[in-house]
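Okay, thanks for having me.

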Amino acid sequence: MINITSSKIKDTIISLKRGEKGIIGDFSVDQIPVKLQEMGCLPGNEVQLIQLAPFSDPLYLNINGNNLAIRRETAVLIEITKVV
């Protein structure tokens with residue numbers, strides 16, 4: 001028998017649907033490009049998914065007023081808390 005404990009799966013930017021917002025949580029600074037961090041992709045900032053490109057890559061985001069396109073492989077590394 002499999003015993004499943006109360007381990008919560010973390011939301012990341014790729015879990016957002018079009019128009020949804022979230023607050024950026026912790027992420028490994030080594031894995032996120034410095035340019036994204038300089039453009040506001042930092043813990044505590046709000047992120048909104050604006051649009052998905054064909055085949056869902058890249059993602060078009062608004063982070064604190066800056067419009068960014070980031071790769072899916074990068075978005076999966078950035079944890080968020082969804083805003084309801």
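First, some ground rules. This is a predicted model, so local features need pLDDT of at least 70 and side-chain atom pairs count only at pLDDT 80 or more, while totals for chains, interfaces and linings use all residues. Residues are numbered from 1 along each chain as its sequence is written, and side-chain values use heavy atoms, with hydrogens and water left out.

When I say strand, I mean a DSSP run of E, at least two residues, numbered from the N terminus; two strands pair if DSSP finds at least two bridges between them.

Have a look at strand 3, residues 46–52, and strand 4, residues 59–63: they run antiparallel and are joined by five bridges. Which residue of strand 4 stands opposite Gln48? That's Asn62.

Now the core. In soluble globular proteins, nonpolar side chains tend to be buried together. By nonpolar core I mean a set of buried Ala, Val, Leu, Ile, Met, Phe, Trp, Tyr and Cys residues joined through side-chain atoms within 4.5 Å. Buried is under 20% relative accessible area, exposed is over 50%, and partly exposed is in between, using a 1.4 Å probe and protein chains only. The largest core here has 17 residues, and those touching the most other members are Ile13, Ile24, Val47, Leu61, Ile63, Ile70 and Ile78. Strand 3, strand 4 and strand 5 each supply at least two of its residues, and strand 4 gives the largest share, three residues.

Let's zoom in on Ile24. Leaving out residues up to four places away in sequence, its contacts include Val47, Ile63, Ile78 and Pro43; contact means heavy atoms within 4.5 Å.

Last bit: the backbone. Most residues other than glycine have a negative phi, and most peptide bonds are trans. So where are the exceptions? In the loop between strand 3 and strand 4, we find Ser56, which isn't a glycine but has a positive phi of about 60 degrees. Ser56 is partly exposed, at 28% relative accessible area. Pro58 is in the loop between strand 3 and strand 4 too, and a cis peptide bond joins Asp57 to Pro58, with omega about 5 degrees.

Then there's Asn64, in the loop between strand 4 and strand 5. Its phi is positive, near 50 degrees, and Asn64 is partly exposed at 45%.

Note on methods:
Helices (H or I, at least four residues) and strands (E, at least two) are DSSP runs, numbered from the N terminus.
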